[in-house]
Amino acid sequence: MEEFRSGFVALVGRPNVGKSTLMNRLVGEKVAIMSDKPQTTRNRIAGVLTAPPVQVIFLDTPGLHKPKHRLGQVMVEIAEATLGEVDLILHVVDAAVPPGSGEEYVMGRLAAVNTPAWLVMNKIDATNEATVTGSIGFFQARHNYQAVFRISALTGHGCGELRQALVEQMPPGPQYYPDGMITDQPERMVMAELIREKVLQLTREEVPHSVAIQVDEVVPRPNDLVYVRAVIYVERDSQKKIIIGRDARVIKEIGQLARQDIQTLLGSQIYLDLWVKVRRDWRNDPESLRTLGYRQD
């Protein structure tokens, strides 16, 4: 019988380089929410790829950036702590954006650990070969990457080759998660993230970064209906008005879109009851961060 192999792979990089999109592509199902807004991922999220006799656990981390508030600091601490805990790091880069000081910062963090790293040039469909080749030279001159991959997480180009290479790279180890399990996130946290994803899609400017979601109730009701009550927290009254929208149009659309994804998650019809509340400066308040599920250890 062939020996089982498994390992942990961290996806790290600057905000908005496509780490969550890539993890979803590699796992084969939607695990992490996606948005064109920077710093969409706030906690470490595990996506599980099981292809017997191999299991790869991907850790999608918050983008490495210069924090402007306590939440940002927590996000960076989570990302940096992950680097020394895994078997392999995928340094994901936006190939269409010229590398600069932000990428130098990421490579500095890679240099601080002994974990092997692969360079993943994402979004190659949005640029040209000369630009990609020049960027690869920039990175290889500054860090010793064991491998380089050119992909588009959006279209899937190159992702099959990357997935196969990862499967072959995994060391002997146990099967950490059962067959069919694609994430370690609690169900309520997944529901909260699905709601936040719709807020990110439908709002602009400072509002998306000021939003947190808490699912307070999940109660089965007759006829296979599940009642879900969730609170959308913002930091200012003006943001609350934007989330609700004129004649409650925005909050209704958030609810309609989120309900579809949550029904797919739960496999049953749901009644989604959304509320919007103001919790001033919650991103700088340690107690609020703990209550809302943002790890600070």
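User: At what angle do helix α6 and helix α8 pack, and how far apart are their axes?

Analyst: The structure is a predicted model. To read a helix pair, one considers the angle and the distance between the two axes. Here helix α6, residues 187-202, packs against helix α8, residues 249-266, at an angle of about 145°. Their axes are 9 Å apart, and the crossing is right-handed.

User: Which residues in α6 meet residues in α8?

Analyst: The next step is to list the residues on each side of the contact. On the α6 side, the residues include Val190, Met191, Leu194 and Ile195. On the α8 side, they include Ile254, Leu257, Ala258 and Ile262. By class, the contact of α6 with α8 has 13 nonpolar residues, one polar residue and five charged residues. Among the residues in contact are Glu187 and Lys198 in α6, and Glu253 and Asp261 in α8.

User: How many residues has the largest nonpolar core, and which have the most contacts inside it?

Analyst: A core is read by its members and by the elements that supply them. The largest nonpolar core has 26 residues, and those with the most contacts inside it are Leu22, Phe58, Leu90, Leu162 and Leu166. At least two residues of this core come from each of β1 (5-12), α1 (19-27), β3 (54-60), β4 (88-94), β5 (117-122) and α5 (159-169). The largest share, five residues, is supplied by α5. There is also a second, separate core of 24 residues, which includes Val190, Ile213, Val226 and Ile270. Val190 is also one of the α6 residues that meet α8.

User: How many aromatic pairs does a search of the whole structure find?

Analyst: The search finds four aromatic pairs. Each pair is described by the distance between ring centres and the angle between ring planes. In one of them, phenylalanine 8 and tyrosine 176 have ring centres 5.0 Å apart and planes at 65°, so the pair is edge-to-face. Phenylalanine 8 lies in strand β1 and tyrosine 176 in the loop between α5 and α6, so that the pair links parts of the chain 168 residues apart. Tyrosine 176, at 43% relative accessibility, counts as partly exposed.

User: Why is the pair of tyrosine 227 and tyrosine 271 stacked?

Analyst: The class follows from the angle between the planes, and planes under 30 degrees apart count as stacked. The planes of tyrosine 227 and tyrosine 271 are at 15°, so this pair is stacked, with ring centres 5.9 Å apart. The pair links strand β8 (residues 225-234), which holds tyrosine 227, to strand β9 (residues 269-278), which holds tyrosine 271.

User: Is tyrosine 227 buried or exposed?

Analyst: Tyrosine 227 counts as buried, at 9% relative accessibility. Tyrosine 271, with a relative accessible area of 46%, is partly exposed.

Methods. Residues are numbered from 1 along each chain as its sequence is written. This is a predicted model: local features need pLDDT of at least 70, side-chain atom pairs count only at pLDDT 80 or more; totals for chains, interfaces and linings use all residues. Side-chain values use heavy atoms; hydrogens and water are left out. Axes are lines fitted to C-alpha atoms, for helices over the stretch in contact, and angles run from 0 to 180 degrees between N-to-C directions. Helices (H or I, at least four residues) and strands (E, at least two) are DSSP runs, numbered from the N terminus. A crossing is left-handed if the near helix is turned anticlockwise from the far one by less than a right angle, and right-handed if clockwise. Contact means heavy atoms within 4.5 Å. Ala, Val, Leu, Ile, Met, Phe, Trp, Tyr, Cys and Pro count as nonpolar, Asp, Glu, Lys and Arg as charged, and the others, Gly among them, as polar. A nonpolar core is a set of buried Ala, Val, Leu, Ile, Met, Phe, Trp, Tyr and Cys residues joined through side-chain atoms within 4.5 Å. Buried means under 20% relative accessible area, exposed over 50%, partly exposed in between (1.4 Å probe, protein chains only). Rings of Phe, Tyr and Trp (its six-membered ring) pair if their centres lie within 6.5 Å; planes under 30 degrees apart count as stacked, over 60 as edge-to-face and the rest as tilted.
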